[in-house]
Amino acid sequence: MRSGGRRVLITGLDSFWGGRMAQALESDPEVEMILGMGTSEPKVPLERAEFVRADQAYSILSRIVRATQVDTIVHTFLVVDSTRVSGRALHEINVIGTMNLLAAAGQSGSPVRQVVVKSSTLVYGSAPTDPAWFREEVPRTASARTRVERSLLEVESYVRDFAEDNPATVVSVLRFANVLGTDIVTPISSNLSRRFCPSVAGYDPLLQFVEEDDVVRCLEHVTRNRIPGLYNVAGAGKLPWSEVAAICGTRLLPLSPVGTQAAAAPLVRLGMIEFPPELQSLLRYGRGVDTTRIGRTGFNCRYTTAGAVESFIRALRLRRNVGEASPSYTYSQDIEQFFRHSPAVVQSSGESSVP
Amino acid sequence: MTAEEQTLAKEKQAALVPLPRSDNAAVEGHRLSDVDEWGRSEHTRSVARRIYAPLYNNWFRVEWEGLEKIPQTGGALLVANHAGAIPSDAPVIMHGIEVELGRPVYGMADFFFRGIPWFGTMWARVGGVPAHPDNALRLLHDQGQLALVFPEGTKGPSKTYNDRYRLRRFGRGGFVEIAMRAGVPVIPIAVVGAEESMPIVFRLPSVARALGVPYVPVTANMLAFGPLGLLAYFPSKFKLRVLDPVSFDVPSGQERYSKSRVMDEAEKIRTDMQETLYDMLRERRSVWFG
């Protein structure tokens with residue numbers, strides 16, 4: 001291993017979480033180098049993180065790991081929202097991408113000492129037979145029917161095998177609850193920002209949310225302190241879906257409890273609601289996860305579930321008044337290279353702010 | 001200074017204008033309802049109590065004995081015998097304790113209810129919780145609440161009138177194990193009157209199978225009032241007797257307990273309850289007047 005600070009590789013630098021995580025790590029003096037991989041250009045301004053373009057399944061990853069001698073991989077690029085990509089791409093990104101990543105991290109003479117995986121509480125599913133609060137070791141009670149859930153379960157089983165085969169590597173898996181926050185767009189947040197949002201008639205499930213800042217803080221926490229293990233991360237408490245909708249000032253649009261997907265299809269087509277298959281069972285039975293274990297590592301979410309909802313709605317109200325913030329940043333290869341590598345730029349101890 | 005505080009300090013230095021940010025203060029958010037993390041709403045519950053009070057006071061004329069044995073604070077697992085096609089004992093016990101002691105009771109029952117639209121939601125709002133060991137442990141140990149279980153499960157209410165007041169098997173003694181793990185006492189409650197409020201004359205097992213429900217009863221109420229009988233209870237006199245709390249001198253928080261010990265304790269509680277029921281029936285002069 002090289003001497004000096006940590007060398008971190010972040011997957012999905014162009015995605016919401018990759019960008020946020022890179023920004024967070026840039027301010028850490030212990031991190032010597034940050035390398036981000038992505039299929040497209042980064043969407044957030046970065047000071048010193050380097051960017052490498054890669055295909056979805058990360059086939060060049062093992063070369064990159066060898067060449068850059070990274071000691072930490074933060075895998076933020078798992079898709080948990082099936083409305084974003086096709087089923088095929090989902091499989092490529094989640095399953096094949098993770099396989100390549102773990103293969104690269106586990107190759108002989110690998111410099112990698114920690115792998116952080118951002119998973120989701122989707123792996124627990126949502127069923128009437130569920131406990132109100134899932135502990136990490138409690139398996140889901142109903143079999144996984146949706147693509148996203150199946151792929152995440154596969155990913156986690158690969159990661160478990162990897163952890164077993166590489167006892168010297170710190171493997172941290174974080175299962176985040178549904179995220180709400182100031183910036184992130186998910187099917188739930190876009191439903192809540194419309195006039196009508198879908199519900200399943202006769203059901204008022206209890207949901208748990210985590211604020212986006214807490215997600216980044218938690219990823220940072222386990223990365224910085226090299227905490228191994230599997231953890232649930234979610235805000236304290238649960239809210240009924242009807243109350244979430246009421247706080248956000250949207251009306252519930254009850255869909256038939258039988259043939260829900262069919263009832264939703266035309267509305268989805270018209271663009272009135274978003275209703276991915278994962279929502280179907282969630283909006284019936286809800287989900288809760290026990291966060292005692294992550295609490296014991298010294299991490300506590302700053303936002304409760306109700307706090308996350310509030311953070312979301314406050315940002316939404318602002319956007320409704322002043323309009324969508326126009327993207328103030330566009331990535332340009334030449335400019336980024338100039339600031340990072342030109343002898344003309346005076347590097348002040350590696351953590352100056354961007355001009 | 002923790003690593004997190006360091007970053008915060010650094011972020012502040014880096015910012016052009018120091019942002020007013022409450023660093024470690026939790027953001028609680030505003031709530032609009034009082035639905036708790038189990039789905040129970042005290043507001044809905046109080047409405048339900050108001051509606052149920054006439055039934056409790058004037059129809060069933062409920063009488064308690066030994067209510068002081070139920071603690072004012074701290075967790076306890078209440079177990080009772082279960083009877084009547086649509087069991088009338090659960091609401092009576094929950095209503096009684098909430099009114100008399102002023103503390104909530106969570107009624108643990110089969111997952112089956114949770115899946116039924118409207119009914120499942122209503123059931124959760126008035127204090128129903130699916131009977132999962134983790135749920136019971138959190139309620140009893142972490143939150144120190146009162147939880148009510150019927151160890152007979154559906155075997156209790158599905159029995160016919162011929163078998164009245166004969167306790168069924170107490171499952172696999174899971175309730176004892178939960179109480180041991182949570183470190184709370186088991187408080188048995190013997191209920192007399194529920195059996196006669198809606199007696200089952202016979203069952204239709206093939207219909208139950210076809211509908212996918214635990215049992216389909218034909219009750220005396222249905223024979224008397226037709227379909228209305230599903231809603232109408234006979235005005236049997238309710239008497240409830242709280243038995244002495246049973247504590248187990250085992251360390252709490254263990255993953256497993258001796259199965260034979262668990263079964264023994266469960267059987268002991270069952271025998272006590274059965275004896276108490278027979279005792280109460282010996283004293284009872286009339287089904288309707290007690």
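What is the mean pLDDT of chain B, and what percentage of its residues reach 70 or more? In this predicted model, the mean pLDDT of chain B is 89, and 92% of its residues reach 70 or more. One stretch of chain B calls for caution, namely residues 17-21, over which pLDDT stays under 50 and for which the model has one contact beyond four places in sequence. Where pLDDT is low, the predicted coordinates should not be read in detail. For the complex, the predictor gives an ipTM of 0.85 together with a pTM of 0.88.

Turning to the contact between the chains, 33 residues of chain A and 28 residues of chain B take part in it. On the side of chain A that touches chain B, helix H7 (241-247) and helix H11 (305-322) each supply at least two residues, and the largest share, five residues, comes from H11(A). By class, the residues on this side of chain A divide into 16 nonpolar, nine polar and eight charged.

Within chain B, the packing of two helices can be followed residue by residue. Helix H2 (residues 42-59) and helix H3 (residues 89-101) of chain B pack with their axes 11 Å apart and at an angle of about 110 degrees; because angles of 65 to 115 degrees count as roughly perpendicular, H2(B) and H3(B) are described as roughly perpendicular to each other. From H2(B), the residues B:Arg49, B:Tyr52 and B:Tyr56 meet B:Pro91, B:Val92, B:His95, B:Glu98 and B:Val99 of H3(B). This contact of H2(B) with H3(B) has five nonpolar, one polar and two charged residues.

Terms used:
Residues are numbered from 1 along each chain as its sequence is written. Chains are lettered from A and ligands numbered from 1 in the order in which they are written. This is a predicted model: local features need pLDDT of at least 70, side-chain atom pairs count only at pLDDT 80 or more; totals for chains, interfaces and linings use all residues. pLDDT is the predictor's confidence in each residue, from 0 to 100. Two residues are in contact if their C-beta atoms, placed from the backbone, lie within 7 Å. Helices (H or I, at least four residues) and strands (E, at least two) are DSSP runs, numbered from the N terminus. Ala, Val, Leu, Ile, Met, Phe, Trp, Tyr, Cys and Pro count as nonpolar, Asp, Glu, Lys and Arg as charged, and the others, Gly among them, as polar. Axes are lines fitted to C-alpha atoms, for helices over the stretch in contact, and angles run from 0 to 180 degrees between N-to-C directions. Angles under 35 degrees count as roughly parallel, over 145 as roughly antiparallel, 65 to 115 as roughly perpendicular and the rest as oblique.
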